[in-house]
Amino acid sequence: MTPFIRKDLRMKKILLYVFILMSSIVIAQEKVKDTSKTKTEKLEEVLVRSVRVSADSPITHSNLTKEKIQKRNLGQDIPTLLNYLPGVVTTSDAGAGVGYTGIRVRGSDASRVNVTLNGIPFNDSESQGTFWVNLPDFASSVENLQLQRGVGTSVNGAGAFGASLNLLTDAVSEEAYGEISGTYGSFNTRKVGLKFSTGLLNDHIEIAGRLSRIESDGYIDRATSDLKSYFLQGSYVDDNTLIKAITFAGEEITYQSWNGIDPETLATNRTFNPVGEYTDEDGNTQFYDNQVDNYKQDHYQLHWNQKYDNHWSTNIGLNYTYGRGFFEQYREDEDFADYDLTPIVLGGETINTTDLIRRRWLDNDYYVVNANVNYKNQQLDITSGIFYSYYDGDHFGEIIWAQNAGGSQIRDRYYSGNGTKKELNGYAKATYRFNEKWSAYADAQVRNVDYTTSGLTSDRVALAVDKNYTFFNPKGGLTFRINEKNQLYTSYARANREPNRNDFESGTPSPETLDDYELGWRLATPRIKLNTNVYYMNYKNQLVLTGALDDVGTPLRENSGKSYRLGVEIDADITITEKLSVKPNISLSVNKNRDFVTSRDGGLVNLGDTNISYSPNVVAGNMIVFNPIENVHINFLSKYVGEQYFGNIDSRLSKLDSFFVNDLNIVYEIKNVPVFKSIVVSGLINNIFDQEYESNGYFFTYDDDFSNPGTITTIEGVGYFPQAGINALLGVTLKF
């Protein structure tokens, strides 16, 4: 029995045990009176109480509700749906928001944005990245989300260095419903979804779920996506108890498009994809048809929220995540030595190179136990908790075909390694209201991380990491309510975080430290809601992106010594009339490495203060919302991203031009129709003015001592990821 079959059986057993446990608890419960929707919603909030903040907390944040998400939810990934929040920059490898997408907040990439799903970390334990392609159409199962910019509150998982994003999945529905949805659009993008809920059975039990499939040819050549997912939850609720057993999973097969293109190709063939290119025996250029990323990820969660009285409540969460998959590559003229193959002697000639097809695998298990207790009265709101996780990940490579086998057999492993990561953290956070005007927030977390690796990397280099880190992350802040309309806040937060696996493969990285200072003003009137904040983020040993990518498109990082980000963020919601409102936001910042030292022309050079890579000084957005009649919503969305550098040495070659993109979203709901409760028609025109732009790129340097004998010259190179011009999606949802 293979390891994968054994693990599939194990997952089925775990899911069975979870539902048996939930059923046992239900049977053991005393009969209670009818539950109310208000009480259910309050119990739902317990799920994310440990990682979220309230509206008047001294933490800079934005909230997004299910209703707002669904207006543009036509199959694109979650980063694309968050594009118009303050300080957010998104990108798509395939160019149209389906497949591999990325998000940056305040210039920090996805590995520094801590993501939790119902309080459970989603970031990969070793790479620290978030791969939304593994959970396609997850937005269709999100009740609401909160994006905290900066360090924010203590969270489970690696510390947030740019932001933390926590998502709450679908709440319990009291009423039964069903939905069938379909989307079709540019680049042969199509989505089919089915969603249902039984409503509360016997006033206590609900079963709900979703099935989805998304396919797209992509804007970039051959950047296809075939994405499948499901979400299923069983819930028990009464006045004081909410128990949820949740399972959700995704399966993705995407053709690789992570290499970008050089400036010359960008000028002549924007959609060209070099990945999979090879030369056949006749000298013709071909593209391997299965140069794909193929990955599955299954999640199992059990949450028990208990309210004891008007003051005390608890939450216990359990999680198991199983991920496995590979990416496949056609490789030309590979050296036998790189794959531990034996040279072949034919006719007196030694053959030690071959064309081959390889698969590089990840196979990992992730276990989480999370528990917290909350006490709340009119003055004090305090939450304390403990979190433990265990990650075990195998890395290995297989040769599935070789022109010259060199004594190898199919699926021989040419490298194999393992990474194990254990995390234990405890935290306590409290808000104390002195009076109607003043409140204080305090938060302290102790986090211990143990990370070990063994075996070989994909380059067949030994990687033996044995590190143990203990971090203390204090936070605190004050909120002053001037009057019913105005509020001031200030906060300080420290975050420490460990390097990731790639950092250790590249050298001997140091852990990084961030001190985050925030000062904000909130205004709330019937017509104007305004949030303004100034931040100063001071780093020690920040692991900044170098601009370079490894051979699978993963960004490489290095410690930069001292660096900082200083900025101001403003976002507003202004009601002009009952039918028209505008929601602008702007982020202005300075992002600098201090006394940055780099290798150039064979020596080390101090460049002084340089710009931090991938950190535009200006990011702005706007939404014009027009509701001409009750069932029609028209949103005109604009996004401006200023110039940014791909590297940290301020090379003119590495500068990406600013871009300004506009989208149009129209939603029309037809009510009181036969058979259905309503029919919702949604249209989305992206990049309506057909702008040519690139949202991402890479930059690399290397010292060349061959082209100029006697001297060493630093060579620079750059690549780009073009995004689609005008494109459209049209969706229909039948509700019953």
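Visitor: How much space lies in the largest cavity?
Guide: This is a predicted model. Rolling a probe the size of a water molecule over the atoms shows where empty space is left. The structure holds 12 cavities of 30 Å³ or more. In the largest of them, the space comes to about 360 Å³.

Visitor: Which strand gives the most to the lining of the largest cavity?
Guide: The lining has 24 residues, and Thr80, Asn83, Thr90, Asp663 and Tyr693 lie nearest the centre. At least two lining residues come from each of strand 2 (88–92), strand 36 (632–641), strand 39 (659–671) and strand 40 (678–686). The top giver supplies four residues: strand 2.

Visitor: What volume has the second largest cavity, and which strand gives the most to its lining?
Guide: The volume of the second largest cavity is about 140 Å³. Of its 16 lining residues, Ser125, Gly157, Ala158, Lys421 and Glu423 are closest to the centre. Strand 20 (380–402) and strand 21 (412–433) are the elements that give two or more residues to this lining. The most, three residues, come from strand 21.

Visitor: Which residue meets Glu423 in a salt bridge?
Guide: Side chains of opposite charge can pair when their charged atoms come close. For Glu423, the N to O distance in the salt bridge is 2.8 Å. Glu423 lies in strand 21 and its partner in strand 22 (residues 438–455), so the pair ties together parts 24 residues apart in sequence. That partner is Arg447.

Visitor: Are Glu423 and Arg447 buried or exposed?
Guide: Buried means under 20% relative accessible area. Glu423 has 5% relative accessibility, so Glu423 passes the test. Arg447 has 1%, so Arg447 passes as well. Glu423 counts as buried, and Arg447 counts as buried.

Visitor: How many residues apart in sequence are the parts tied together by Lys66 and Asp170?
Guide: The side chains of Lys66 and Asp170 meet in a salt bridge, at 3.3 Å from N to O. Lys66 lies in helix 3 (residues 66–71), and Asp170 in the loop between strand 7 (163–169) and strand 8 (177–185). Lys66 and Asp170 are buried. The parts they tie together are 104 residues apart.

Visitor: How many residues apart are Arg112 and Glu512?
Guide: Arg112 forms a salt bridge with Glu512, with the closest N and O atoms 3.0 Å apart. Arg112 sits in the loop between strand 3 (101–105) and strand 4 (113–117), while Glu512 is in strand 25 (residues 512–524). Both residues are buried. The pair links distant parts of the chain, 400 residues apart.

Visitor: How many salt bridges does the count come to?
Guide: Some salt bridges join up into a network. Arg190, Arg213, Glu215, Asp226 and Lys228 are linked in this way. For salt bridges, the count comes to 30.

Notes:
Residues numbered from 1 in each chain as written. Predicted model: local features only at pLDDT ≥ 70, side-chain atom pairs only at ≥ 80, totals over all residues. Heavy atoms only, no water. 1 Å grid on protein atoms, 1.4 Å probe; cavity = no way out; pocket = protein on both sides within 12 Å on 5 of 7 lines; lining within 4 Å. Points joined across faces, edges and corners; volume = space filled by probe spheres on them. Salt bridge = Lys/Arg side-chain N within 4 Å of Asp/Glu carboxyl O. Buried < 20%, exposed > 50% of the residue type's maximum accessible area, 1.4 Å probe, protein only.
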